[in-house]
Amino acid sequence: MNVALRLIRRGFPNRRVRCLTDSQLLVEQLRGAAAVRIEPICLLCQTTRALIDQFPPETFKLVRILCDLNRLADALAWEALDGQ
């Protein structure tokens with residue numbers, strides 16, 4: 001997510017961004033409502049939060065979608081990881 005946020009800020013300034021995830025935990029962690037207990041993930045979360053904070057509030061939205069709606073993205077990711 002961090003690389004994508006940096007690319008969006010650099011290549012598409014002042015554009016609206018909607019970040020979709022099927023992880024309720026991720027949404028809560030990035031909003032500060034849930035704790036991050038694993039140190040490397042905590043650092044990554046802090047970096048991500050700092051990047052999100054660079055967007056004006058009205059231009060960035062973090063949205064949780066249902067897992068069923070994310071099946072195609074999951075399948076494509078696993079396909080890419082398997083090298084198929």
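Reader: What pattern does the chain follow, read along the sequence?

Author: The model is predicted: local features need pLDDT of at least 70, side-chain atom pairs count only at pLDDT 80 or more, and totals for chains, interfaces and linings use all residues. Residues are numbered from 1 along each chain as its sequence is written, and side-chain values use heavy atoms, with hydrogens and water left out. Helices (H or I, at least four residues) and strands (E, at least two) are DSSP runs, numbered from the N terminus. The chain has four helices and two strands, and read along the sequence its pattern is α-β-α-α-β-α.

Reader: How is helix α1 placed against helix α3, roughly parallel or roughly perpendicular?

Author: Axes are lines fitted to C-alpha atoms, for helices over the stretch in contact, and angles run from 0 to 180 degrees between N-to-C directions. Helix α1 (residues 2-11) packs against helix α3 (residues 39-53) at an angle of about 20 degrees, with the axes 10 Å apart. Angles under 35 degrees count as roughly parallel, over 145 as roughly antiparallel, 65 to 115 as roughly perpendicular and the rest as oblique. Therefore α1 against α3 is roughly parallel.

Reader: Which residues of α3 does α1 meet?

Author: Contact means heavy atoms within 4.5 Å. The residues of this contact divide into four nonpolar, three polar and one charged, where Ala, Val, Leu, Ile, Met, Phe, Trp, Tyr, Cys and Pro count as nonpolar, Asp, Glu, Lys and Arg as charged, and the others, Gly among them, as polar. From α1, Asn-2, Leu-5 and Arg-6 take part, and in α3 they meet Leu-44, Thr-47, Thr-48, Leu-51 and Ile-52.

Reader: How is α2 placed against α3, roughly parallel or roughly perpendicular?

Author: Helix α2 (residues 24-31) packs on α3 at an angle of about 70 degrees, and their axes are 9 Å apart. With that angle, α2 is roughly perpendicular to α3.

Reader: Which residues of α3 does α2 meet?

Author: The contact of α2 with α3 divides into three nonpolar, two polar and two charged residues. Gln-29, Leu-30 and Arg-31 are the α2 residues, and in α3 they meet Cys-45, Thr-48, Arg-49 and Ile-52.

Reader: Is Asn-14 buried or exposed?

Author: Asn-14 lies in the loop between α1 and β1 (17-21). Its phi is near 65 degrees, a positive value in a residue other than glycine. The relative accessible area of Asn-14 is 76%, so this residue is exposed.

Reader: With which residues is Thr-21 in contact, leaving aside its neighbours within four places in sequence?

Author: Thr-21 lies in strand β1 and counts as buried, at 10% relative accessibility. With neighbours within four places in sequence left aside, the contacts of Thr-21 are Leu-26, Val-27, Leu-62, Val-63, Arg-64 and Ile-65.

Definitions and conventions: Buried means under 20% relative accessible area, exposed over 50%, partly exposed in between (1.4 Å probe, protein chains only).
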